[in-house]
Amino acid sequence: MNIAVLSGKGGTGKTTISTNLALLLKANYIDCDVEEPNGFIFLKPEYITKQYVEVEIPEIDEENCTLCGRCVEICKFNALAKAKDKIILFDKLCHSCGACILACPIDAIKFTKRTIGVIEQGKKGEILLKRGLLNIGEPISVPILKELLKDLPEEEINLLDSPPGTSCNVVNVLNYADIAILVTEPTAFGLHDLKMAVELVKRLNIPFGLIINKYDENNLYLKEYIEEEGIKIVGYLPYKKEIAEAYSKGKILIEEKEYKDAFKNIANNIKEVLL
Amino acid sequence: MRLAVISGKGGTGKTTIATSIAELENGSVRIDADVEASNMYLYYTGKDMDKEYFSASQVAYVDLSLCNQCGICNEICKFDAIDLGKVNELKCEGCGACIISCPEKAITLVEEKTADIYRTEIPNGNIFRAKMEIGADGSGLLISHLREKAEEYGKNTLTILDGSPGIGCPVIASITGNHWVLIVTEPTKSGFEDFLRVYELTKHFNIPAMVCINKYDINEEVTAEIEDYCKKNNIPLVGKIPFDETIVQSINELKPIIYYENSKANQAIRNMWKKMKEDYLKI
């Protein structure tokens, strides 16, 4: 069972919620924000192992290449260019699709490998902690996500702390999700971003519930939209400066009773409403 | 002068700060480059002047009357996006490998909509923004295109770009070609880590960076660590903005923070912009 935690936007509390829930539910925690993963700061894994993530890129046999340029024409990502006496590869633009290999009339291209990041895996007690880290300067993180999310233990709960936004990276995480928890905050911006996240999970047909972070009962920004859309609320976290302070120190919230209760409530609601 | 505001992470205050700076510099051109979740334009009631369809990618289209269900495309596709003539548009990257391999020539590529892009006229300038299709690909190309469009309007003035989170393709497209980058960070353990990663990115692309610490007083210890790091690495620290509840009010009233006279953040941002201009940007 994979539960994706997402928000449309950064800074709404995805990591706070997924790390605390992971501890409470004894669920595995998978940090999918591979551009800026933060979950390990809070969960402090032990026994970390590393595995490098490689992508395939074309290697051109320069001796045999006739410079016909078919590979350059076929590449939709402008990753290949024809110079005077050779074909140049811009490896960061390559999507590893293999079209150039298929297009080459003399089989002068084969795949070779290149590292774009790393997957780290550790333990905290019984639970499994995993994250992907994209190398600085690399534009494409999808291959790391795919590697990170394959072969997760199916019989356990895996919390997928998603990247922000609603585009390809998030879609790739949601491809592995059975249910989703959306996180929002009750502001004009929060509502705007929530609508996009809702549209995305609906389009992908993923059952979902909502957590309102920084909740303030006087602030009714989201109420109308939630009612109109019939969105299930699975919990609230209050707006408090001390939460920001605890977060700043890398502390886990459920060590304090008040927050433990809030998270217990969220965990129960997830079980009742979504599972 | 082209300045990009980035942060590594969402929620650090990029939009608040970029919008404030744009307001302080009359006539500046604004680019809302967080194309997946653009918020900057929400501050303004302007008039949409140009609306343009933009496509940065293609998807495979199968003519089922020609398809003989041989399944070769299934095997060839590296993205698991095609199955006996049925295309999963969210997975398809538009590479065209299936076209080459199809014995019946049943497959073509069709344009996929990435976004609508807008130039919006507001009382004191222009704002360029995009409304991206949910789940679309190609945000880097989209940002480059937005920036090209903005270029004609920003020749003699400040162009300020409100960047997207992360360090991947949209951020790379946001920062390259700028004169300066302002990194907004916050004094949390994760904020510091995010800052280090995004700072490495600016170094990688050789774009000079300056730093501002938002909500600096929520953790003075980490603030000191960031200050220390900046000093050691000769990164100009141009501002420290205090935690200010007026920010939430400003967001909900959709009025930039610099219009709240008594707000602490307002004063700090004004001071920061003065310093940035006098000491570094030379405008």
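**Cores, cysteines and a surface patch**

Let me begin with A:Leu93, which counts as partly exposed at a relative accessibility of 40%, where partly exposed means between the buried range, under 20% relative accessible area, and the exposed range, over 50%, with a 1.4 Å probe and protein chains only. Please keep in mind that this is a predicted model, in which local features need pLDDT of at least 70, side-chain atom pairs count only at pLDDT 80 or more, and totals for chains, interfaces and linings use all residues. Residues are numbered from 1 along each chain as its sequence is written, chains are lettered from A and ligands numbered from 1 in the order in which they are written, and side-chain values use heavy atoms, leaving out hydrogens and water.

A:Leu93 sits in the loop of chain A between strand E5 (87-89) and helix H4 (99-103); helices (H or I, at least four residues) and strands (E, at least two) are DSSP runs, numbered from the N terminus. Together with A:Ile88 and A:Phe90, A:Leu93 makes a nonpolar surface patch of about 240 Å².

Now to the interior. In soluble globular proteins, nonpolar side chains tend to be buried together. A nonpolar core is a set of buried Ala, Val, Leu, Ile, Met, Phe, Trp, Tyr and Cys residues joined through side-chain atoms within 4.5 Å. The largest one here has 78 residues, and A:Leu174, A:Leu182, B:Ile183 and B:Phe195 have the most contacts inside it. Its largest share, 7 residues, comes from helix H7 of chain A, residues 188-203. Apart from this core lies another, of 34 residues, including A:Leu21 and A:Ile179.

Finally, the cysteines: how many disulfides does the structure hold over all chains? The count is 0, a disulfide being a pair of cysteine sulfur atoms within 2.5 Å. For A:Cys94, which is in no disulfide, the nearest cysteine sulfur is that of A:Cys100, 6.5 Å away, and A:Cys94 is buried, with a relative accessible area of 15%. The sulfur of B:Cys212 is too far for a bond, because the closest cysteine sulfur, in B:Cys230, is 10 Å away; B:Cys212 is also buried, at 0% relative accessibility.

Definitions and conventions. Patches are made of residues with over 30% relative accessible area and no salt bridge: like charges are joined within 9 Å, nonpolar side chains (Val, Leu, Ile, Met, Phe, Trp, Tyr) within 5 Å. Accessible areas come from the Shrake-Rupley method with a 1.4 Å probe; for residues, only the protein chains shown count as cover. A salt bridge is a side-chain nitrogen of Lys or Arg within 4 Å of a carboxyl oxygen of Asp or Glu.
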